[in-house]
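Please read the following explanation alongside the sequence and the structure.

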Amino acid sequence: MRRLRSCVVGCRMGALHARAMASLEEYELVAVCDIRKEVAEAIADELGCEVYTDYDAMLAEARPDVVAIATPTYLHAEMAFKAIEAGVRGIYCEKPMATNLADARKMVELCRERGIALAVNHQRRLSAVHYKMRRLLEEGAIGEVYLIRGSCGGDVMSDGTHTIDTILHLAGDPEVRWVFGQIYREEPRPGEGRSMGFHPSGGWRFGHMIENGAMAVFELGNGWRAEIFTGGMSLPGRRYQDIEAFGTRGRLWHPGDGSDPPLLIWNEGTSGWSPVPMDDIPEEVRELDPITYGYRLFARTVKEGAHHPLRGENALRGFEVVMAVYESARLRAKLALPLRQDRFPLELMFNR
């Protein structure tokens with residue numbers, strides 16, 4: 001079968017997407033796009049593809065099968081809708097998928113109606129450590145799980161979305177019954193703009209409003225409770241994306257990015273925390289980085305309709321929890337899902 005013509009818009013984070021597709025025989029990277037021409041030229045020179053500074057022109061002229069969207073968050077939904085109208089076969093969107101629930105639901109619905117494959121880059125699902133962690137939980141290595149806790153720096157929308165998605169993945173992607181959340185936000189200094197970078201500035205990030213710290217508890221359809229702590233409420237001394245599961249016969253702990261060993265267990269067979277062997281991971285999971293592995297799976301999804309772990313429906317479930325954390329804080333209430341609020345609750349909270 002012919003290679004999938006692919007394009008990338010947004011060449012900062014998008015450089016990783018471009019390199020991943022360029023490394024795989026399933027794809028032909030034909031173009032990259034960024035409003036900063038020099039940024040697009042740098043990755044195009046490296047990988048040998050065309051350069052665009054206009055997204056509409058790229059869609060019309062390059063006629064891609066697959067578009068990777070790696071722009072600031074506030075543009076994700078708008079660019080996905082344009083790709084849908086352009087007739088692409090697949091959209092690979094950076095997380096989070098949107099900035100409000102109405103747009104996120106519309107993305108999933110339109111892609112389903114038109115037979116377009118949609119994946120959202122919660123790539124941590126595809127890492128070796130989370131593969132192993134989920135399998136051990138399924139096998140009952142720590143008995144019946146009753147609580148899973150995640151902690152990370154940053155805001156709920158940009159970083160907590162990974163934490164929530166990981167928790168749902170480890171639990172087997174059940175429905176979420178209810179959410180209770182709380183946030184705090186310091187007012188930005190007068191005159192500060194909407195940050196587009198990786199670091200929060202003045203209460204804004206990636207073109208949307210953020211908070212300084214948040215915490216939430218939610219209950220999953222399988223009976224697990226989940227807790228998350230982000231930003232200024234993250235757990236002291238813990239690394240980014242620290243995840244710990246508690247069971248009736250022990251605990252399983254991924255101490256976050258860069259931890260060595262990456263996974264620890266404390267159960268009836270150990271005396272304190274013990275490293276978990278990572279030598280029985282499938283070859284693709286072990287040898288490919290999660291983004292590249294995600295794109296290999298995505299080619300099968302586009303061509304054959306194969307299930308993808310990062311599919312839009314999974315991302316939407318987690319994104320609804322993200323929005324529910326904010327809406328719960330706004331209403332000071334425990335909220336049953338599905339969430340009825342379609343707008344971004346943080347904007348409603350601060351009347352911006």
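In this predicted model, R149 touches E227, F229, L235, D242, I243, E244 and F246, when residues up to four places away in sequence are not counted. With one of these residues, E227, the side chain of R149 forms a polar contact of 2.8 Å. R149 belongs to strand β7, which covers residues 145-152. Its relative accessible area is 23%; a residue counts as buried only under 20% and as exposed over 50%, so R149 is classed as partly exposed. A further relation in space concerns I164: the C-alpha atoms of R149 and I164 lie 9.6 Å apart, while the two residues are separated by 15 places in sequence.

The packing of two helices may be considered next. Helix α6 comprises residues 128-139 and helix α7 comprises residues 156-170; their axes are 9 Å apart and meet at an angle of about 40°. The two helices are therefore oblique to each other. On the side of α6, the contact involves H130, M133, R134 and L137, and on the side of α7 it involves T166, H169 and L170.

The interior of the protein can now be examined. In soluble globular proteins, nonpolar side chains tend to be buried together. Here the largest nonpolar core has 81 residues, and the members that touch the most other members are Y55, I91, M97, F218 and L252. Helix α10, spanning residues 312-331, makes the greatest contribution to this core, with 10 residues. The surroundings of Y55 can be listed individually: beyond its neighbours within four places in sequence, Y55 is in contact with V9, C33, V67, I69, M79, K82 and A83. Another core, of 31 residues, lies apart from the largest one, and its members include I281, I291, L297 and F298.

Attention may then turn to the loop between β5 (90-93) and α5 (101-114), where N100 is found. N100 has a relative accessible area of 17%, and is therefore buried. Its side chain reaches the backbone nitrogen of D103 at 2.8 Å. Not counting residues up to four places away in sequence, N100 also touches F319, M323, D342, R343 and F344.

The loop between β5 and α5 also holds P96. The peptide bond that leads from K95 to P96 is cis, with omega near -15°. P338 lies in the loop between β17 (335-336) and α11 (345-350).

D173 has a positive phi of about 60°, although it is not a glycine, and is placed in the loop between α7 and β8 (176-184). F206, likewise not a glycine, has a positive phi of about 50°, and lies in the loop between β9 (204-205) and β10 (208-209).

Methods
Residues are numbered from 1 along each chain as its sequence is written. This is a predicted model: local features need pLDDT of at least 70, side-chain atom pairs count only at pLDDT 80 or more; totals for chains, interfaces and linings use all residues. Side-chain values use heavy atoms; hydrogens and water are left out. Axes are lines fitted to C-alpha atoms, for helices over the stretch in contact, and angles run from 0 to 180 degrees between N-to-C directions. Helices (H or I, at least four residues) and strands (E, at least two) are DSSP runs, numbered from the N terminus. Angles under 35 degrees count as roughly parallel, over 145 as roughly antiparallel, 65 to 115 as roughly perpendicular and the rest as oblique. Contact means heavy atoms within 4.5 Å. Buried means under 20% relative accessible area, exposed over 50%, partly exposed in between (1.4 Å probe, protein chains only). A polar contact is a pair of N or O atoms within 3.5 Å; within protein, one must be able to donate a hydrogen and the other to accept it, and residues adjacent in sequence count only if both atoms are side-chain atoms. A nonpolar core is a set of buried Ala, Val, Leu, Ile, Met, Phe, Trp, Tyr and Cys residues joined through side-chain atoms within 4.5 Å.
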